[in-house]
Amino acid sequence: MQAAPAADALPLFEAINVSKSFGAFKALSDVSFHVNDGEFVSIVGPNGAGKTTLVNVVTGLLRPTTGEVRFQGRDIAGVGPVELARRGMSRAFQLVNIFPALTVRETLAVAVASRLLRVGNPFRSLRRDDVLQADAERIAEVLGLRARLETVASALSQGEKKLLDIASAFALNPSVILLDEPTSGVSTGDKHTIMEVLVSAAKAAGVRGIVQVEHDMDLVERYSHRIVALQEGRVLADMSPQAFFADPAMIAAVVGTRPQTLRKPH
Ligand SMILES: Nc1ncnc2c1ncn2[C@@H]1O[C@H](COP(=O)(O)OP(=O)(O)O)[C@@H](O)[C@H]1O
Ligand SMILES: [Mg+2]
């Protein structure tokens, strides 16, 4: 991806006054945010702030109670992940969602196959398998998993499992990718590796926007063009990392129950 563009460019996608209730409980209240072409946006906030609910709403998994979600100018509220992937938005999940008995090659081939089916599958029999294999290998290469192509998912390290989950999202050829805590549960060193691989893969694959939910403030500071902070279902802040990390009260509000990641502002 390139550096963040001018703020007046048409957003890639936007949530407008989105609210989401579960029964009497309001998980999101009037949330608006957008992602510009070329942007890496981090969604932060303490546990229970509504981050996953927001990702579920903007990826069409949940329908907002009120409000609108627009992707490339069209309302996508509640269209569902399959149709949304067809339009160019895909996501990876907080809990790695892979089949333990499949190899990396098989996992990626399944993801590529679902894309080919989705676009009407112009490929036939033998030719189609060649395309699947070539594409699975290309994606494994980009995500640093080439040496693991024949390894079953259950034998991968935690960091490699995360990369495989991200790779499956890339197999859908998305223009926007959403990641819910892509580095949760891995060591600090692996977190940085995953982020470096993710950013360079996005660039190589022509991904135009990344949204990630992330708790690690070092990663948020290093990779985001913009930070959207949620607190109790509302937008507390939507600002540059520079502004965010210059405000100790903001950091404290967001880090919430994870003071061990609190760092000195500079
Ligand atoms: N399906 C659901 N039914 C009822 N409450 C939910 C549901 N999903 C999330 N919530 C509640 O909404 C709030 C926000 O949850 P979530 O979006 O998962 O927060 P975060 O990802 O920021 O930790 C929490 O209080 C959670 O318990
Ligand atoms: Mg969550």
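In which sense do β3 and β8 pair, and over how many bridges? They pair in the parallel sense, over four bridges. Two strands count as paired if DSSP finds at least two bridges between them.

## The model

This is a predicted model, in which local features need pLDDT of at least 70 and side-chain atom pairs count only at pLDDT 80 or more, while totals for chains, interfaces and linings use all residues. Residues are numbered from 1 along each chain as its sequence is written, and chains are lettered from A and ligands numbered from 1 in the order in which they are written.

The chain has nine helices and 10 strands. Helices (H or I, at least four residues) and strands (E, at least two) are DSSP runs, numbered from the N terminus. Of the 266 residues in the chain, 39% are buried. A residue is buried if 20 or more other C-beta atoms lie within 10 Å of its own, exposed if 12 or fewer, and partly exposed in between, with C-beta atoms placed from the backbone. Two residues are in contact if their C-beta atoms, placed from the backbone, lie within 7 Å. Among contacts with a separation of 6 or more, 69% are between residues 24 or more positions apart.

Strands of a sheet pair through backbone hydrogen bonds, either parallel or antiparallel. Strand β8 covers residues 209-213, and five of its five residues are buried. G209, V211 and V213 point one way from the strand, and I210 and Q212 point the other way.

Together β7, helix α6 (residues 188-205) and β8 form a right-handed β-α-β unit. Right-handed means that, with the strands pointing away from the viewer, the path from the first strand over the helix to the second runs clockwise.

## The antiparallel sheet

Four strands form an open sheet in the order β2-β1-β4-β5, with antiparallel pairing. β2 and β5 (74-75) are at the edges with a single partner strand each, so one side of each has no neighbour in the sheet. Strand β1 (residues 11-22) is joined to β2 by eight bridges. E14 stands opposite H34 in β2.

## Around ligand 1

The shell around ligand 1 consists of F22, F25, A27, G45, N47, G48, A49, G50, K51, T52 and T53. A residue is taken as near the ligand if its C-beta atom, placed from the backbone, lies within 6 Å of it. β2 (25-36) and α1 (51-58) each supply at least two residues of this shell, and α1 gives the most, with three.

By type, the shell has four nonpolar residues, six polar and one charged. Ala, Val, Leu, Ile, Met, Phe, Trp, Tyr, Cys and Pro count as nonpolar, Asp, Glu, Lys and Arg as charged, and the others, Gly among them, as polar.

V58 is found in helix α1. V58 counts as buried because it has 29 C-beta neighbours inside 10 Å. Leaving aside neighbours within four places in sequence, V58 is in contact with F13, A15 and V69.

In helix α9 (residues 248-255), the buried residues are M250, I251 and V254. They lie on the same side of α9 because they cover an arc of only 95° around the axis, the arc being that of the directions from the helix axis to the C-beta atoms. P248, A249 and A252, on the other side of α9, are exposed. The buried residues of α9 pack against β3 (40-44), α7 (217-223), β9 (226-231), β10 (234-239) and α8 (241-245).
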